[in-house]
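Here is a short briefing on one protein model. Please keep the sequence and the 3D view open while reading.

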Amino acid sequence: MKIVIVDDHPLVRRGLRAVLSGEEGFEIVGEAETVLGALSVIETARPDLVILDIRLGADSGYDLVRSLRGLGCRYMMLTSSASEADIRRAKECGADGYVLKDAAPDELLLAVKMIGRGRKYFDQSLLGTLLRKESDDPLEKLTPKEREVLIALGEGLSNGAVAKKLVISEFTVKKHVSRIFQKLNLTDRTQAALFAQSQGIGDFSPPDIRTESGFALPNGTKV
């Protein structure tokens, strides 16, 4: 299995290389500490698995996974964060695994092997978080399409861009946005974007949101 390691801490990369290089069938074909460096290494080496942190300096490992899903390799997030929002974001962006940096070497190797066989692997200490069902989860109020629109709002997309992405009309987008505001008790797109970010399903982008124009709800709220 060809593996690329992406982490902005040299000691982490060195430690991973030491653990993985001693395992038969694993080959470390590249390392990177930034998103730009990772893009170059991954596109050149074409690994089977990329092990990466969720935070790479000022950049996000989630963005790297989203942008490279078409390459066909798998992605395992290796992080110190056990927050539910980060776990949700990992699942949302399509990561194949999520392992904490304090995991034992044996668990790390097990995760890599399972992901290499095409299975998902999430740190065993996080099972409670993954399996917990919250009856008052606000996202449960939304239809699947409204959830997609909320994710797009969290990415800072305009109504036109949302319509193009979801292959629906701009008028339909506005109706979905109106319902999202009403169901989640939100007043504007900025609040919607921030809410999406808090739920781990979007990256807040103020410039796009502030320049967006829309129509008003009966109570005067802009959408």
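The side chain of Arg189 has a polar atom 2.9 Å from the backbone oxygen of Leu157. The model is predicted: local features need pLDDT of at least 70, side-chain atom pairs need 80 or more, and totals for chains, interfaces and linings use all residues. Numbering starts from 1 along each chain as its sequence is written, and side-chain values use heavy atoms, without hydrogens or water.

**Arg189**
- Arg189 sits in helix H10 (residues 189–198). Helices (H or I, at least four residues) and strands (E, at least two) are DSSP runs, numbered from the N terminus.
- Arg189 counts as buried because its relative accessible area is 7%. Buried means under 20%, exposed over 50%, and partly exposed in between (1.4 Å probe, protein chains only).

**H7 against H9**
- Helix H7 (residues 144–154) packs on helix H9 (residues 170–184) at about 90 degrees, with axes 10 Å apart. Axes are lines fitted to C-alpha atoms, for helices over the stretch in contact, and angles run from 0 to 180 degrees between N-to-C directions.
- H7 is therefore roughly perpendicular to H9, a label for angles of 65 to 115 degrees.
- On the H7 side, the contact includes Val149, Leu150 and Leu153; on the H9 side, it includes Val177, Ile180 and Leu184. Contact means heavy atoms within 4.5 Å.
- The residues of this contact are six nonpolar, one polar and four charged. Asp, Glu, Lys and Arg count as charged; Ala, Val, Leu, Ile, Met, Phe, Trp, Tyr, Cys and Pro as nonpolar; the others, Gly among them, as polar.

**Nonpolar cores**
- The largest nonpolar core has 27 residues, and Val6, Val50, Leu52, Met77 and Tyr98 have the most contacts inside it. Such a core is a set of buried Ala, Val, Leu, Ile, Met, Phe, Trp, Tyr and Cys residues joined through side-chain atoms within 4.5 Å.
- Elements that each supply at least two residues include strand E1 (2–6), helix H2 (35–45) and helix H3 (61–68).
- H2 gives the most, with five residues.
- A second, separate core has 20 residues, among them Leu139, Phe181, Phe195 and Ala196.

**Leu64**
- Leu64 lies in helix H3, and Leu64 is buried because its relative accessibility is 0%.
- Beyond four places in sequence, Leu64 touches Val35, Ala38, Leu39, Ile42 and Leu52.
- Leu64 and Leu52 are 12 residues apart along the chain, and their C-alpha atoms are separated by 9.2 Å.

Terms used:
Polar contact = N/O pair within 3.5 Å; in protein donor to acceptor, adjacent residues only side chain to side chain. Parallel < 35°, antiparallel > 145°, perpendicular 65-115°, else oblique.
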